[in-house]
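Try each task before reading its solution.

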Amino acid sequence: MPRLREIPRAEVSDEKILFFYDRLFGPDKDPAVDHGTIHATPGDWWTVFATSPAVFKHAVRGFSLYRNAKLDPLLRELGQGRAGYARGSQFVFSQHCKQMRSLGMSESKIAALPAWQVSDEFTELERAVLAYADSLVYDGGRTSDGVFAVLQKHLSDEEIMELTYITCMYDMHATICRALKLEFDDRPELIEEVMVPEGVAVADLSADLSGE
């Protein structure tokens, strides 16, 4: 379950939040109790973000911004989907794979996203977009001149600005979803100590591996 409390319908007075509760869950549902959006997601992103109406409305305005961008939607989704994968957010990656599919991207391209670096599925520009997304997420914005030159060969300054902002926005959303355990990122921690079985003596491993 999410790490923050979900806000039930009865406690919501903000019309903007109620609009999305109605639109995504249905007017007769309390989404904090009766989970499940029309998009087949749990929906707790919405009920947790409703904790702060100001944050909720700021995030929703961000969605409106990118949907009105001049950037090709498929390039936008490549950046968003790769940001989700690179940040390790199952929710962001999964949702934007679905969006790419709805925009007509081939199944072979979607399947190649995790290992795009060794795939022949992508065009020169698409590879540059994916490399740029990796630079933004993995390298904190450190981007080679070669990658940027390909972006500038194909895109206007305005489109590159949109790509940069939208990809970074979804790096943020991926991070938030993981931190608060929202949606498909409500998963157990994978990294933990594997204990020595009971009854097995624990030796000094450094000594055992020294060869002395």
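The exercises cover cysteines and salt bridges. This is a predicted model: local features need pLDDT of at least 70, side-chain atom pairs count only at pLDDT 80 or more, and totals for chains, interfaces and linings use all residues. Residues are numbered from 1 along each chain as its sequence is written, and side-chain values use heavy atoms, with hydrogens and water left out.

**Exercise 1. State how many disulfides the structure holds.**

Solution. 
- Apply the rule: a disulfide is a pair of cysteine sulfur atoms within 2.5 Å.
- The count is 0.
- Check Cys97: its nearest cysteine sulfur belongs to Cys177, 15 Å away.
- Now look at burial (buried is under 20% relative accessible area, exposed over 50%, partly exposed in between; 1.4 Å probe, protein chains only).
- Cys97 is buried at 9%.
- Cys177 is buried at 1%.

**Exercise 2. Find which helices hold Arg82 and Asp134.**

Solution. 
- Start with the contact: the two side chains, Arg82 and Asp134, form a salt bridge at 2.6 Å, N to O.
- The rule asks for a side-chain nitrogen of Lys or Arg within 4 Å of a carboxyl oxygen of Asp or Glu.
- Helices are DSSP runs (H or I, at least four residues), numbered from the N terminus.
- Arg82 sits in helix α4 (residues 73-87) and Asp134 in helix α7 (residues 124-137), so the pair ties together parts 52 residues apart in sequence.
- Arg82 is buried at 3%.
- Asp134 is buried at 8%.

**Exercise 3. Are Arg101 and Glu107 buried or partly exposed?**

Solution. 
- Their side chains meet in a salt bridge (2.5 Å, N to O).
- Arg101 is partly exposed at 38%.
- Glu107 is partly exposed at 46%.

Note on methods: Helix = DSSP H or I, 4+ residues; strand = E, 2+ residues; numbered from the N terminus.
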